[in-house]
Every structure is written in C-alpha cells, then in structure tokens.
Amino acid sequence: MDLLTAARPRERKLEPTVTLHVYDTTLRDGAQQEGISLSVTDKLAIAPLLDELGVGFIEGGWPGAVPKDTDFFARAARELTLKNAVLAAFGATRKVGVATDKDPQVRALLDSQAPVVTLVAKSDIRHVERALKTDGAENLAMIRDTVAFLVGEGRRVFVDAEHFFDGYRYDPDYATNAALAAFDAGAEVVCLCDTNGGMLPNWVSDIVSELRERTGEGILGMHAHNDSGCAVANTLAALDAGAQHFQGTVNGYGERTGNVDLITTVANLEIKYDRRVLRGGRLDDATRIAHAISEITNISPFARQPYVGASAFAHKAGLHASAIKVDADLYQHTDPTKVGNDMRMLVSDMAGRASIELKGKELGFDLAGQTEVLTRITNRVKSAEQQGYTYEAADASFDLVLRDEVSGGLPEYFTVESWRTIVENYGSTGDEAIAEATVKLHAGGERIIVTAEGNGPVNALDQALRHAVEKIYPEIAKFELIDFKVRILDQEQGTDAITRVLIETTDGVSSWFTVGIGPNILEASWEALIDSAVYGLIHAGVKPVA
Ligand SMILES: [Zn+2]
C-alpha cells in the first residue's frame with residue numbers, strides 16, 4: 001500500500017468516468033529522434049508491445065509520404081492482430097488550391113486502411129502565411145474539406161493542431177477558429193500541439209480551459225514536447241483542464257529533447273489519479289515493455305527514467321537500509337511493482353521469481369510451485385545479466401535457459417569443434433573486402449567442415465554454420481537471419497562483456513530473437529547464431545540425430 005496516498009488522500013481532479021485516449025506516436029514522432037532508424041520489421045515488432053501495454057491508438061507513420069510507412073500499413077493489415085489498440089495513419093490536410101479527392105497524399109491515407117486518420121493542420125496564422133504561403137481562410141477550408149472528406153469515407157478523424165499554443169498566444173481567435181473548423185467538419189479529436197515544446201503548465205492550463213469554453217463537447221487532446229522540461233507536467237495540466245486525449249512516445253523518444261514520455265504520463269494517471277487509462281491494464285508490465293522497445297530501437301535505456309528506469313527505485317545501501325527493510329514506502333513515491341520495476345539495494349536486473357514464473361508461462365512453461373527450479377533460473381538469469389546478457393528482447397535465448405533448467409539439458413544437435421573467419425581485401429581495385437568463414441562441427445556421427453563466403457564476417461559465419469548443420473538437419477535451410485543489432489556496453493554498467501549482439505531469425509512464418517555477448521562482435525554473434533539454430537530446430541520439432 002502507498003502510505004502517502006493513504007495518509008493524505010489526493011484530490012482527484014479528473015472524472016473517473018470520462019474515457020481518456022492514450023495515443024502512442026513512438027513509430028512516427030518518436031522515430032524522429034536522432035539515432036533512431038526503424039525498419040518496417042522493427043515497427044511490426046514494436047506495435048504488438050504497445051498493444052500489450054494497452055494503449056488505445058498506435059500511430060504507424062505517414063503513408064504516402066514515407067514509402068516505408070506505406071509498407072508498414074500494408075503489412076500491418078495482413079500480419080498484425082491487435083487486442084487493444086487501433087492503428088492511426090498520420091498525414092496532412094489537402095494542399096493549397098487542390099481538391100481533396102484529387103490529393104494523392106489524402107488518398108494514401110484512405111489506402112492505408114487505418115481506421116483512424118490523424119491530420120496535421122496549421123493553427124498558427126504566422127505559419128499559415130509564412131510556411132504555407134496562403135491566407136487564413138484557405139487554411140480553414142483545407143481543414144474543413146479534408147476532415148469532411150475522410151469522415152465521409154468512414155474514417156475516425158483526429159486533427160493535430162500544429163504550433164497551437166504558440167499560435168494561440170499570438171492570435172487566440174485564429175487558433176480557436178482552426179479548432180472549430182475541425183470539429184464542425186466532423187473531427188472527433190482536436191489535439192493541441194506544443195510543437196516547439198516551450199510551454200509551461202499554467203500557460204497550458206489557461207489556454208485549454210479557455211478553449212474548452214468555446215469548443216463545447218468536442219474532445220481536446222495534448223501533444224507535448226519536452227523542450228522546457230515540462231512535457232509530462234504540461235500533459236497533466238491539459239488533462240486537468242479538460243483535455244481527454246494525449247499523445248506520447250515510449251521512453252520519451254522524439255526529436256530534440258523528445259516527446260512526452262507516454263509511460264510516465266500513464267503511470268501518473270493510473271497510480272496518482274487512480275484512473276484506469278490502459279486497455280487491458282498492463283501497467284505492471286511497463287518496465288519490461290519499455291526495455292524491450294529500447295532493445296529494438298537500439299537506444300540504451302535511460303537509468304534515471306521515472307518509474308521504469310533501472311535506478312528509479314534504486315536505493316544506496318547505508319544509513320537507510322534497515323529502515324527501508326522495515327517500511328520501504330517511507331522511501332519511495334510509489335510501489336515499484338505497480339510498473340513492473342523493483343526496489344534495488346544492489347544490482348539486480350530481471351526482478352525475481354514471480355516475473356520469471358510469469359515469463360515462463362508466456363513461453364509455455366508451467367513453473368508454478370517449482371520453487372527449486374525457479375530459484376535456479378533466477379540465479380542463472382541474474383548472473384547472466386551481470387555478464388552483460390539481456391533477455392528482455394531475446395525470448396528465444398530465454399526459452400533455451402528455461403528449457404535447459406526445466407528438462408535438465410538441451411537437445412544436442414551438434415557440437416562445434418572450431419570456427420574462424422577472415423576478411424580479405426586485395427586493395428588494388430577498390431573492391432569491397434570479402435569475408436570467409438570455416439566451421440568444423442560434429443553431427444549425426446559425422447565430422448563436417450564447411451567454408452562459406454559472406455558480405456561480412458558475421459554473414460560468412462552464419463552461412464558456414466547453416467550449411468554445415470543443414471547436412472544433417474535440412475530444416476535449417478529455411479532459417480534466415482533478418483536483423484542484427486550490436487551494442488557496445490557501457491563500462492558503467494559493470495558487466496564483464498563489452499559487446500552484445502541481438503539477432504532476429506525467421507523461418508518464413510515466425511521470427512525469434514537471440515542474444516550473445518563477448519569481448520568482440522564475432523564471439524557475441526557466434527553465440528547468438530548458435531542459440532538461434534538450436535531454438536529454431538527445437539521449435540521445428542526436429543529430433544537430434546545421434
Ligand atoms: Zn510532435
């Protein structure tokens with residue numbers, strides 16, 4: 001129980017009965033962050049995690065403007081089954097002087113098949129005149145026409161009013177008219193954007209309250225950037241002032257200083273305001289999901305991130321240690337298990353037995369009541385994490401650890417005698433270097449030696465391993481390495497290894513992730529490749545040949 005809450009009940013400003021939209025834009029606005037480059041496969045891997053968390057809307061990208069995003073929507077329609085969220089396609093209002101149904105970008109929004117279309121529209125008259133180079137009336141017509149057209153085509157339409165707060169402070173009537181034009185044409189939500197991220201909470205509060213008086217029943221939303229360090233505070237201020245929709249990104253990804261952190265905001269709403277805003281309510285899984293997404297974006301998790309950071313509930317052992325043991329609530333603002341995090345006195349990563357039991361269940365292992373096995377696995381995971389492994393985004397490697405402990409060993413398909421790889425460049429012609437790898441292994445009573453070439457040493461190793469194993473287990477021919485991520489670990493993290501590799505393999509139907517660590521990329525990759533082959537063979541129901 002949270003003692004603070006019990007002792008001094010907080011005033012709940014938000015009506016518990018009002019539904020609130022949690023709208024995720026990690027895949028669109030979050031992907032604008034320096035250093036993030038999401039492939040379609042990455043996006044297809046992140047979307048189910050957002051759905052699991054329980055967001056109501058997932059903005060997938062800008063179909064028609066970004067070819068990768070057009071592909072994302074096409075593949076999402078075929079491949080994604082979302083339990084909680086619906087997809088939203090992002091796009092702009094029609095171009096100046098163009099008929100809406102003739103505007104190819106508007107048509108691309110329809111073609112995306114997304115049930116929700118979010119239109120970015122100008123609401124700051126200075127941007128209308130200087131950036132759009134048209135007049136205020138034409139901009140309002142663009143908003144009305146595009147919204148009405150898409151609503152007529154059966155879409156739910158949200159309007160992102162770009163630079164709304166700056167625009168409102170300059171010319172409140174024009175900004176208000178832009179919002180009214182959207183509502184009049186049938187928009188379900190007008191989301192007010194602090195595009196430059198410079199607002200402060202009381203400014204937001206005043207503007208949202210004033211606007212609310214003039215817009216009546218329509219749903220207002222908040223899209224905050226963190227340039228003034230107030231993104232979460234500004235979002236809460238907008239919701240307190242009557243907004244019922246907010247847009248954010250997991251881990252606060254976004255350009256410059258980022259967007260509002262969706263998980264921090266949701267945790268504040270659920271824990272501090274006691275509002276259930278996630279569909280299916282998986283707040284207690286938020287830490288795992290935030291970290292799994294950071295593995296896919298390949299951005300190291302921020303240890304001091306509120307709620308889900310590794311240090312969020314870390315206490316320095318010392319003076320308060322015994323007091324914390326007596327009553328931890330006196331030293332932390334909330335119970336860390338509510339967000340799937342853990343109080344730490346020392347370094348301990350993937351929580352405890354309960355989360356391993358839960359994860360095991362997800363992977364098909366019933367570990368309930370098996371105290372001894374659970375303790376063994378927990379200790380093994382802790383020591384592996386100390387070495388630099390992470391299983392948060394490597395389910396297949398974690399599956400092998402569980403399987404190994406539960407059944408007292410893994411099937412022995414092959415044993416590796418040795419491997420080596422060389423990279424050669426003859427220099428004179430300016431050709432690319434050629435990589436070659438040799439793998440020696442024993443399988444099915446044979447000694448197998450295979451040499452293969454590749455467009456890099458890891459690719460060559462993958463080819464050589466696959467061709468060697470294939471001689472006894474032809475099923476492996478279907479496997480294909482589709483993604484490869486390397487992270488050089490911080491010395492700060494205190495791990496033994498310095499390189500961690502995460503690879504994704506597919507058999508054409510599903511895909512799986514494995515992890516390897518080592519003093520260099522090759523040794524880390526080799527380990528991940530071996531895990532991938534073994535997991536794939538087990539998963540394909542292949543029996544070891546003696
Ligand atoms: Zn934005």
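## Gly 35 and its loop

Gly 35 lies in the loop that runs between strand S1 (21-24) and helix H2. The model is predicted. Gly 35 has a relative accessible area of 66%, so the residue is exposed.

## Asp 42 in helix H2

Helix H2 covers residues 40-53, and Asp 42 belongs to it. Is Asp 42 buried or exposed? Its relative accessibility is 6%; the cut-off for buried is under 20%, so Asp 42 counts as buried.

Which residues does Asp 42 touch, beyond its neighbours within four places in sequence? The contacts are Ser 37, Ile 296, Asp 483 and Lys 485.

## H2 against H12

Two packed helices are described by the angle between their axes and the distance between the axes. For H2 and helix H12 (residues 286-297), the angle is about 170 degrees. Their axes are 10 Å apart. The pair is therefore roughly antiparallel, since angles over 145 degrees fall in that class.

Asp 42 is part of this contact too. H2 also contributes Ala 45, Ile 46, Leu 49, Leu 50, Glu 52 and Leu 53. From H12 come Ala 286, Arg 288, Ile 289, Ala 292, Ile 293, Ile 296 and Thr 297. By class, the contact of H2 with H12 holds 10 nonpolar residues, one polar and three charged.

## H4 against H6

Helix H4 spans residues 104-111 and helix H6 spans residues 136-152. Their axes come within 11 Å and cross at roughly 30 degrees. That angle makes H4 roughly parallel to H6. The crossing of H4 with H6 is right-handed.

Which residues make the contact? On the H4 side they are Val 106, Arg 107, Leu 109 and Leu 110. On the H6 side they are Thr 146, Phe 149 and Leu 150. Five of the residues in the contact of H4 with H6 are nonpolar, one is polar and one is charged.

## H9 against H10

Helix H9 (residues 201-215) packs with helix H10 (residues 231-240). Their axes come within 8 Å and cross at roughly 25 degrees. H9 and H10 are therefore roughly parallel to each other, as angles under 35 degrees count that way. Their crossing is right-handed.

H9 brings Pro 201, Val 204, Ser 205 and Val 208 to the contact. These meet Ala 233, Asn 234, Ala 237 and Ala 238 of H10. The contact of H9 with H10 has six nonpolar and two polar residues, with no charged ones.

How accessible are the histidines? His 223 counts as buried because its relative accessibility is 3%. His 225 is buried as well, with a relative accessible area of 3%.

Most residues other than glycine have a negative phi, and most peptide bonds are trans. Gln 113 is not a glycine, yet its phi is positive, at about 65 degrees. Gln 113 sits in the loop between H4 and strand S4 (116-122). Its relative accessibility is 60%, so Gln 113 counts as exposed.

Asp 274 has a positive phi too, near 55 degrees, and is a residue other than glycine. Its loop joins helix H11 (262-272) and H12. Is Asp 274 buried, partly exposed or exposed? At 40% relative accessibility, Asp 274 is partly exposed.

## Leu 489, a buried loop residue

Where is Leu 489? Leu 489 lies in the loop between strand S12 (480-488) and strand S13 (499-506). Its relative accessible area is 5%, so Leu 489 is buried.

Leu 489 and Ser 407 are 82 residues apart along the chain. Their C-alpha atoms are separated by 32 Å.

Technical notes: Residues numbered from 1 in each chain as written. Predicted model: local features only at pLDDT ≥ 70, side-chain atom pairs only at ≥ 80, totals over all residues. Heavy atoms only, no water. Axes fitted to C-alpha atoms, helices over the stretch in contact; angles between N-to-C directions. Helix = DSSP H or I, 4+ residues; strand = E, 2+ residues; numbered from the N terminus. Parallel < 35°, antiparallel > 145°, perpendicular 65-115°, else oblique. Left-handed = near helix turned anticlockwise from the far one by under 90°. Contact = heavy atoms within 4.5 Å. Nonpolar A, V, L, I, M, F, W, Y, C, P; charged D, E, K, R; others polar. Buried < 20%, exposed > 50% of the residue type's maximum accessible area, 1.4 Å probe, protein only.
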